[in-house]
Amino acid sequence: METGELACEKRATRPKGQNNALRRSGRVPAILYGPTTAPMALAIDRLELKARISASAHTRIIKLKSSAAEIDGKHVIFKDVQRAPVSGEILHADLYEVDLNRPVRVEVALKFTGKAKGLANGGILAPLARTATVECLPLEIPDSIEVDVSDVDIHDVIHVSAVKFPGNVKPIFDTDYPVVSVLPPTVAEVAVAAVVEPVEGAVVEGAPVEGAAAAPAEGAVKEGGDKDKAAKKPEAAKKPEAAEKKK
């Protein structure tokens, strides 16, 4: 693994608001700490820090350059980088000192290589993890871990225990988690309209029903008949009176 250099200087932590003034001057506040290093406040040029972070995938180990003897020559890695939520500008950086002769644990990107067997049958390659935690000497940290997916068929899964790690790089995991699989092809469901065949004696929705037109007419005649009967009732009531007068 290549190493890079980063110029820095000690900074004051008082008074309050010092960090904002530092950012306005084009520098970024940072903190340096480690197993044998007491936390120290640093200031780093924003453009230099941005360039070094962009290249950190290939130059994990950074050598500090400073006029302060207690900082100059120390080897560090980026432990954490805080950014503004909207602009993405670097607000703060955590630098962790490492001993080149002692193993460290870091996250390394997984790089999937080859063409999976299941793709020929319409399968879909599905990475389930993008990084792996490894332990190794600082100068042996790999740029990435290659995972060959050539023999992966549909429904097959490669677990982290089956991944080949280079050299003295040791994977660290509590459970044997999956890192990649090939999913079966997605079949779109096509809605097929059911053909309804008429059945003798069944009523088809929207179709005229035999006798439906006649029903209202019959009801109208019946209604008229009731009115005639109601009109004739008074005449029937008058007939007894006429008979009594003749007597």
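Student: How many salt bridges does the structure hold?

Tutor: The structure holds six salt bridges. Keep in mind as we go that this is a predicted model. Here is the general idea: side chains of opposite charge can pair when their charged atoms come close.

Student: Which residue meets Lys 65 in a salt bridge?

Tutor: That partner is Glu 5, with 3.7 Å from N to O. Lys 65 belongs to strand E5 (residues 61-65) and Glu 5 to strand E1 (residues 3-7), so the bridge links distant parts of the chain, 60 residues apart.

Student: Where do Lys 10 and Glu 70 lie?

Tutor: Lys 10 is in strand E2 (residues 9-10), while Glu 70 is in the loop between E5 and strand E6 (75-83). Their side chains meet in a salt bridge of 3.0 Å, N to O. Parts that are 60 residues apart in sequence are tied together by this pair. Lys 10 counts as partly exposed, with 46% relative accessibility, and Glu 70 counts as partly exposed with 37%.

Student: What does Glu 135 meet in a salt bridge?

Tutor: Glu 135 meets the side chain of Arg 105, at 3.0 Å from N to O. Look for Glu 135 in strand E10 (residues 131-136) and Arg 105 in strand E8 (residues 104-113); the two are 30 residues apart. Glu 135 is partly exposed, at 23% relative accessibility.

Student: Let's turn to the rings. How many aromatic pairs does the structure hold?

Tutor: There are two aromatic pairs. In one of them, Tyr 33 and Tyr 96 sit edge-to-face, with 5.7 Å centre to centre and 75 degrees between the planes. Planes over 60 degrees apart count as edge-to-face, which is why the angle matters here. Tyr 33 is in strand E3 (residues 27-34) and Tyr 96 in strand E7 (residues 90-97), 63 residues apart. Both are partly exposed, Tyr 33 at 24% and Tyr 96 at 22%.

Student: And which residue pairs with Phe 173?

Tutor: Phe 173 pairs with Tyr 177, again edge-to-face, at 6.3 Å centre to centre and 90 degrees between the planes. Phe 173 is partly exposed at 31%, and Tyr 177 is partly exposed at 23%.

Student: What lies over the face of Tyr 96?

Tutor: Lys 79 does, at 5.1 Å from the ring centre.

Notes. Residues are numbered from 1 along each chain as its sequence is written. This is a predicted model: local features need pLDDT of at least 70, side-chain atom pairs count only at pLDDT 80 or more; totals for chains, interfaces and linings use all residues. Side-chain values use heavy atoms; hydrogens and water are left out. A salt bridge is a side-chain nitrogen of Lys or Arg within 4 Å of a carboxyl oxygen of Asp or Glu. Helices (H or I, at least four residues) and strands (E, at least two) are DSSP runs, numbered from the N terminus. Buried means under 20% relative accessible area, exposed over 50%, partly exposed in between (1.4 Å probe, protein chains only). Rings of Phe, Tyr and Trp (its six-membered ring) pair if their centres lie within 6.5 Å; planes under 30 degrees apart count as stacked, over 60 as edge-to-face and the rest as tilted. A charge sits over a ring if NZ of Lys or CZ of Arg is within 6 Å of the ring centre and within 35 degrees of the ring normal.
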